Amino acid sequence: MTDPSEPTEHTEHTEPSGRTEASGLPLLAQLRRLAGLPLEQGETLPPQAYTSPAWYERERERIFERDWLCVARADEVAAPGDYLRVDIAGHPLVITRDEQGELHALSRVCRHRFMDVLPPQTTPERGRLTRLTCPYHTWTYRLDGRYAGQLAGAPLMNKVDFGPRERAACRLPAARVTQWQGFVLVCLDAGAEPLEPQLAGLEGRLADYGLAGWRTVAVEAWQDVPANWKVAVENGSENYHHMGTHARTLEPVLPGRTTVLDECEGRWFTMFTPYAHAPGAGPPQGMLLAGLFPQCVLALLPDSAVWVRWLPTGPATHSARFGLLVPPGTEPSAEQLAAARESVRVLQGEDLVAVQGVQRGLESSPGPSSGRLCHLERPLWQFQRYLAGRLLP
Ligand code: FES
Ligand SMILES: [Fe+2]
């Protein structure tokens, strides 16, 4: 792997003034410089941070293999035997729930000859199982309690040396898993700091919503979107683009310019956008947008919510998965549900024009120089600090 700190990772840009821009610095030095800027002087990340395979490899190692990642809602795997497939930047996992109600995050790589035990070509993303049987040569793994991932059976292996000790040691590796406010988060690093203390402030901000009890009523997903994962995260973390990208859809209802941004620190952010036409007296109603770095955003309305998680599938591709939530006691009609799904598709269609257009710009040659950030893009400025904390040596 090429070290992103080496000069091979950058392109020199000479401005018309003849001044060499900071983009002439190696990428890590640029990130360090950006993370030291006040918001008023905020700039975009350098384009190479969205295109470089070596930079992506560093993100894989230092973010996706080490930090907590929000991947599901707990009610998507509510009953014993329920499973949900999730792929984390090259790590195929399955979330399962055992008879005791405990969640597990198991590797889907079979311990025989590396087959995906739940291949997307033949198995649904979600389902229910009592055991996990690899479809290649039918080795079978348990899903119950502390034996989750343990080999239960391997046919015709009695003519080779594959004794009880080796069988007992043969199990699908498990990642850490935790629940927070009804979300399921996983972490591939056994030594990572616990998540909950890092989210104490966000928990307080969301307390009035009782989010843990909200229910998933629909899921929409997009695979292999041709844009770096950070382009999608950044797009979903600001309302500045309502006036452009969503000029005829979101902007008339939730105008980005009236957004009030909270001065958050650390790995989460919140902002509130009041409805353009508030329904009568009382406290302002609108959308609370909450973000959880590195790759999750939640948009909370008084009677529904949409949450999104993005995961990279390569240096310049990602998957996006949207969950529609409703508060306890709410039962949307079939028509309401169809309308909500359609609105997610329309808004994501508009956002995809933006994120793919941005990626084309980032990949243009010679690489563009950095742009300036608006005050409404505070979460992007904060995201750079998160990235610096993870990626700098
Ligand atoms: S690879 Fe899974 S049983 Fe052979
Ligand atoms: Fe958008």
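Glycine 282 is exposed because 7 other C-beta atoms lie within 10 Å, where exposed stands for 12 or fewer such neighbours, buried for 20 or more and partly exposed for the range in between, with C-beta atoms placed from the backbone. This glycine sits in the loop between strand E13 (268-274) and strand E14 (286-292), strands (E, at least two residues) and helices (H or I, at least four) being DSSP runs numbered from the N terminus. A distance of 73 Å separates the C-alpha atoms of glycine 282 and asparagine 158, which are 124 residues apart along the chain.

The model is a predicted one, in which local features need pLDDT of at least 70 and side-chain atom pairs count only at pLDDT 80 or more, while totals for chains, interfaces and linings use all residues. Residues are numbered from 1 along each chain as its sequence is written, and chains are lettered from A and ligands numbered from 1 in the order in which they are written.

The protein chain is divided into domain 1 (69-178) and domain 2 (192-391), with bounds from an automatic or database domain assignment. Their centres, taken over C-alpha atoms, are 31 Å apart. To the contact, domain 1 and domain 2 contribute 10 residues each, contact meaning that C-beta atoms, placed from the backbone, lie within 7 Å. On the side of domain 1 that touches domain 2, strand E1 (69-73) and strand E2 (82-88) each supply at least two residues, and E1 gives the most, with 4 residues.

Elsewhere, Leu31, Arg32, Leu34 and Ala35 in helix H1 meet Gln384, Arg385, Leu387, Ala388 and Leu391 in helix H7.

Note on methods: Contact = placed C-beta atoms within 7 Å.
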